[in-house]
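Welcome to this short tour. Please take a moment to look over the sequence and the model before reading on.

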Amino acid sequence: MNWLLLNSGKCDPAYNMALDEALLESSSQLGAPVLRLYGWTGPAATFGYFQKYFEVESATRLRPLIRRPTGGGIVPHDMDWTYSFAAPPAHEWYELKAEASYRRIHEWLQAAFTKLKIETELAGASKKTVPGQCFAGYEKSDLLWHGRKIAGAAQRRNKLGLLIQGSVQPPPVSIARADWESAMREVAKNRFHIDWADFSPDATFQSKVEELARQKYSQALYNQRR
């Protein structure tokens, strides 16, 4: 069974959110899960689809501040390793309840860090500190390193498929992002019994991403709607 891999490199913030939404919208046509690894051309922050802009704008100085297609809280993208995972409706990941898919994605990350000899644990319960901020405190099944949250995610599941957007705030140890990405691919290959195939978006897909970036995620009317 093949899964698709897309390493986008560093992209514009609005483009990043647009590409993730396009992956969700295209899940059925692609017919296989997609792991996307990506970065940011500059500092930014994203916030959950259901959050209100006026409630989050004072919580971070990072700009641009862009609404995600998934839920969750405010996530800073100045030093993080960002990824997304999309699965079509016919795939077994789609059938999982939200709590189960959340746990599974972080078990995958945990195994990747273990492979790099970094021991982490999944939070057994939530610990709230500052409401609405993803990395202030933690949720059940977030990934912790020495009691500090280093990975969280947000999900959206609809008739088109499942989208998980995740952020890793790497622990202050000597570890290269490329090594973590390699570990993620290797763990998935062994744990889920899959082979990786590179995903090369066609012109139609690229056009959709550019349209979403231009008409939605770069628009204040969308990001700042009440």
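For sorting residues, Ala, Val, Leu, Ile, Met, Phe, Trp, Tyr, Cys and Pro count as nonpolar, Asp, Glu, Lys and Arg as charged, and the others, Gly among them, as polar. By that scheme, the lining of the largest cavity divides into 6 nonpolar, 9 polar and 1 charged residues. Please keep in mind that this is a predicted model, where local features need pLDDT of at least 70, side-chain atom pairs count only at pLDDT 80 or more, and totals for chains, interfaces and linings use all residues. Residues are numbered from 1 along each chain as its sequence is written, and side-chain values use heavy atoms, with hydrogens and water left out.

**The cavity**

A cavity here is a set of points, on a 1 Å grid over the protein atoms alone, where a 1.4 Å probe fits but cannot get out; lining residues have an atom within 4 Å of a point. Grid points are joined across faces, edges and corners, and a volume is the space filled by probe spheres set on the points. Searching the whole structure turns up 1 cavity of 30 Å³ or more. The largest cavity holds about 120 Å³ of space. Its lining has 16 residues, and Thr46, Arg68, Val75, His77 and Gln165 lie nearest the centre. Two or more lining residues come from each of β11 (148-158) and β12 (161-168); helices (H or I, at least four residues) and strands (E, at least two) are DSSP runs, numbered from the N terminus.

**The sheets**

Two strands pair if DSSP finds at least two bridges between them.

| Strands | Bridges | Facing residues |
|---|---|---|
| β6 and β12 | 7 bridges | Trp81 and Val168 |
| β2 and β6 | 5 bridges | Leu35 and Phe85 |
| β3 and β5 | 2 bridges | Ala45 and Pro76 |

How much of β6 is buried? Of its 7 residues, 7 are buried, where buried means under 20% relative accessible area, exposed over 50%, and partly exposed in between (1.4 Å probe, protein chains only). Trp81, Tyr83, Phe85 and Ala87 point one way from β6, while Thr82, Ser84 and Ala86 point the other way.

**The cores**

A nonpolar core is a set of buried Ala, Val, Leu, Ile, Met, Phe, Trp, Tyr and Cys residues joined through side-chain atoms within 4.5 Å. The largest has 35 residues, of which Tyr83, Trp93, Trp108, Leu109 and Trp180 touch the most other members. Helix α5 (residues 98-115) gives the largest share of this core, 7 residues. Leaving out residues up to four places away in sequence, Leu109 touches Tyr83, Leu143, Ala151, Val168, Trp180 and Met184, contact meaning heavy atoms within 4.5 Å.

**An exposed residue**

Finally, visit Phe50, in the loop between β3 (45-47) and α3 (53-56). Phe50 is exposed, with a relative accessible area of 73%. Phe50 and Arg68 are 18 residues apart in sequence and 9.1 Å apart in space, C-alpha to C-alpha.

Definitions and conventions. 1 Å grid on protein atoms, 1.4 Å probe; cavity = no way out; pocket = protein on both sides within 12 Å on 5 of 7 lines; lining within 4 Å.
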